[in-house]
Amino acid sequence: MKEKFKKIIEPIFGFGLAAIIITAIISVIAIFGGAIMKLFGFKYNSIGSIILYFIVVTIVGFPVDIILRVFSKVLISIGQLNKNTGKILFVVLDTMGTCIVMAIVDYFMKSVSATDLAILVISFISAIFSIDRE
C-alpha cells in the first residue's frame, strides 16, 4: 500500500515543484518586463496582474514561438537564408508574433493596459534574448 501511495505522490510532487519553479522564473521576468514596459506607458492594477499577464502571454505565445523558430531554421537548412539573415528574420518574426500575442492578451485583460510602444519594446527585447547562440 505504501509503494502505491509513493508511486502516486512522487509524480505529483515533481510536477508541482516544476510548476512552482517555472512560475517563479516567469514572475521574475514579469516584474522586470513590467518595469521596462512601465517606462513606455504600461499600466497595471497590481504585481499579480503583471505576473498573470506574462504567464498568459508565455502560454499563448509558446506555439507561436515554436512555429516561428522552426520556420526560420527550415529556411536556413534548405539554403534559402544564411545563418545571420535567418537570425534577423527570426528576430523580426518573433517580435511581430509576440506583439500580436501581447496585444490580444492585453485586450482581454482589464487589469493591465499596455501601449503599442511598450509591447513593441518588450517584444523586441524578448526576441533578442531568444536568438539561438550557435
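These exercises work through the helices of a predicted model.

**Exercise 1.** What span should helix H3 have, and what do its end C-alpha atoms show?

*Solution.* Step one: H3 covers residues 83-108, which is 26 residues. Step two: the expected span is 1.5 Å times one less than the number of residues.

**Exercise 2.** Which backbone nitrogen does a side-chain oxygen of Asn82 reach at the start of H3?

*Solution.* Look at the start of H3. The side-chain oxygen of Asn82 comes to within 3.2 Å of the backbone nitrogen of Asn84.

**Exercise 3.** How are H1 and H2 placed relative to each other?

*Solution.* Step one: find helix H1, residues 2-38, and its partner H2. Step two: take the angle, which is about 110°, with the axes 8 Å apart. Step three: angles of 65 to 115 degrees count as roughly perpendicular. H1 and H2 are therefore roughly perpendicular to each other. Step four: list who meets whom. From H1, the residues include Ile26, Ala30 and Met37; from H2, they include Ile50, Phe54 and Thr58. Step five: sort the contact of H1 with H2 by class. There are ten nonpolar, five polar and no charged residues.

**Exercise 4.** How are H2 and H3 placed relative to each other?

*Solution.* Step one: helix H2 spans residues 47-77, and its axis is 9 Å from that of H3. Step two: the packing angle is about 155°. Step three: angles over 145 count as roughly antiparallel. H2 and H3 are therefore roughly antiparallel. Step four: the crossing of these two helices, H2 and H3, is right-handed. Their contact has 16 nonpolar, four polar and five charged residues.

**Exercise 5.** How are H3 and H4 placed relative to each other?

*Solution.* Step one: the axes of H3 and helix H4, residues 116-129, come within 8 Å. Step two: they cross at roughly 135°. H3 and H4 are therefore oblique to each other. Step three: H3 passes H4 in a right-handed crossing. Step four: among the contact residues are Phe90 and Met102 in H3, and Leu120 and Phe124 in H4. By class, the contact of H3 with H4 has eleven nonpolar, four polar and one charged.

Conventions
Residues are numbered from 1 along each chain as its sequence is written. This is a predicted model: local features need pLDDT of at least 70, side-chain atom pairs count only at pLDDT 80 or more; totals for chains, interfaces and linings use all residues. Side-chain values use heavy atoms; hydrogens and water are left out. Helices (H or I, at least four residues) and strands (E, at least two) are DSSP runs, numbered from the N terminus. A polar contact is a pair of N or O atoms within 3.5 Å; within protein, one must be able to donate a hydrogen and the other to accept it, and residues adjacent in sequence count only if both atoms are side-chain atoms. Axes are lines fitted to C-alpha atoms, for helices over the stretch in contact, and angles run from 0 to 180 degrees between N-to-C directions. Angles under 35 degrees count as roughly parallel, over 145 as roughly antiparallel, 65 to 115 as roughly perpendicular and the rest as oblique. A crossing is left-handed if the near helix is turned anticlockwise from the far one by less than a right angle, and right-handed if clockwise. Contact means heavy atoms within 4.5 Å. Ala, Val, Leu, Ile, Met, Phe, Trp, Tyr, Cys and Pro count as nonpolar, Asp, Glu, Lys and Arg as charged, and the others, Gly among them, as polar.
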